[in-house]
Amino acid sequence: MKNGKLKIIVFFSLMIFVIMFFTLLVLSAATIFLIHSGILTASGPKPLLIIFALMSLAVSTILSNVCIRKMVRPILEINEAAQNVARGNFEVKVSEQSIMAEVSAMAHNFNLMTQELAGMETFRSDFISNVSHEFKTPLSAIEGYATLLQDKTLTAQKREFYVSKILYNSRRLSTLTGNILLLSRLENQEINGSQEWFSLDEQLRQIILLFENQWTEKNLDMDIELESVDYYGNPNLLSQVWQNLIDNAVKFTEEGGRISVRLSRVASSVRVSVSDTGIGMSEEVKEHIFERFYQGDSSHSTQGNGLGLALAQRIVLLHDGSIEAESPLEPQAPASSPAGPSPAAGTASGTQKGRGTTFLVTLPLKS
């Protein structure tokens, strides 16, 4: 900061020196011309001084005006652009060309700021739109079933069914609200608080048992291999990660499928992988899988809200770790055959489904 101020002072000092130098140079040339032309020989000292003063004032004013305009123009542009940003226009850009490096840097930072603000505004609009949509669905269901309950002629069986649907959608709303609040808090948090030593393998076992009813009902084969690992981190937040990953694995695996959960040490880190033999993902889904409210499979949209993996990623990042999703692509069918084109022919690799999905979480181990 001090170096920047010193550079600006030196720059303006040099500009004043240059203006004075050119003023004296012009005055000297004019004086020599007037003397050689004989104009000043008949005049006394007072007219000479007046001529010098007027010429000095004119030359210095012109040079100062030209130089200051050139220096101040970028600042005026930034000021005008800032007024546009205050009115909500985040598309404005300013020129980064200036004779002063500090002014160029300020213009560059201003353009970066408007770019970030534009991105945040787009994100805010999308977020509000998505939240509104996610809230509207269960609220409409609750309103509809509550209206049906007003019918006095309902049988006990139907009444019980409608009440169960109202409770189900109420829980969806509660879960959605909790996830939004948690994600908002985590996005504004850079330090992972409430850390402690705990048994990571035991935590995974407890969460796998938490979903026992679901994977038993679908007759899933659970392949569990957990190495004993003591980990220093936030157990409550990490519990959310494993719940989301295992819940997705159970949800997207067909009946009679297989789910594998692995925990192992690798050098100075610990790795947790959750694999399934489910429907897999296309390349397009893999690109957006960690975005808020994104749901690659619309057939399961009523079973989630698209925030689970976004939450998982943020929690893992708070632990200085990484999370990756893999889904090996099915082999492409040949484009044509003697009997005619294959039904899979022409399928773009971007929309081609994978065979199962594996989520790999890597967390650094602390001594």
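Tutor: Start with contact, which means heavy atoms within 4.5 Å. Helices (H or I, at least four residues) and strands (E, at least two) are DSSP runs, numbered from the N terminus. This is a predicted model: local features need pLDDT of at least 70, side-chain atom pairs count only at pLDDT 80 or more, and totals for chains, interfaces and linings use all residues. Residues are numbered from 1 along each chain as its sequence is written, and side-chain values use heavy atoms, with hydrogens and water left out.

Student: Which residues of H9 does H7 meet?

Tutor: The H7 side includes Leu237, Leu238, Val241 and Leu245. Asn244 and Asn248 of H7 also take part. Their partners in H9 are Gly308, Leu309, Leu311, Ala312, Ile315 and Val316.

Student: How many charged residues are in the contact of H7 with H9?

Tutor: Ala, Val, Leu, Ile, Met, Phe, Trp, Tyr, Cys and Pro count as nonpolar, Asp, Glu, Lys and Arg as charged, and the others, Gly among them, as polar. The contact of H7 with H9 has nine nonpolar and four polar residues. Its charged count is none.

Student: At what angle do the axes of H5 and H7 cross?

Tutor: Axes are lines fitted to C-alpha atoms, for helices over the stretch in contact, and angles run from 0 to 180 degrees between N-to-C directions. The axes of H5 (residues 200-210) and H7 (residues 235-252) come within 10 Å. They cross at roughly 45°.

Student: What is the strand order of the open sheet?

Tutor: Two strands pair if DSSP finds at least two bridges between them. The sheet has five strands with mixed pairing. S2 (221-226) and S6 (322-326) are the edge strands, each pairing on one side only. The order is S2-S4-S5-S7-S6.

Student: Which residue in S7 is the bridge partner of aspartate 276?

Tutor: S5 (residues 269-276) and S7 (residues 357-364) pair in the antiparallel sense over eight bridges. For aspartate 276, the bridge partner in S7 is threonine 357.

Student: Which strands does H7 lie across?

Tutor: H7 runs at about 165° to S7. The strands that H7 lies across are S4, S5, S6 and S7.
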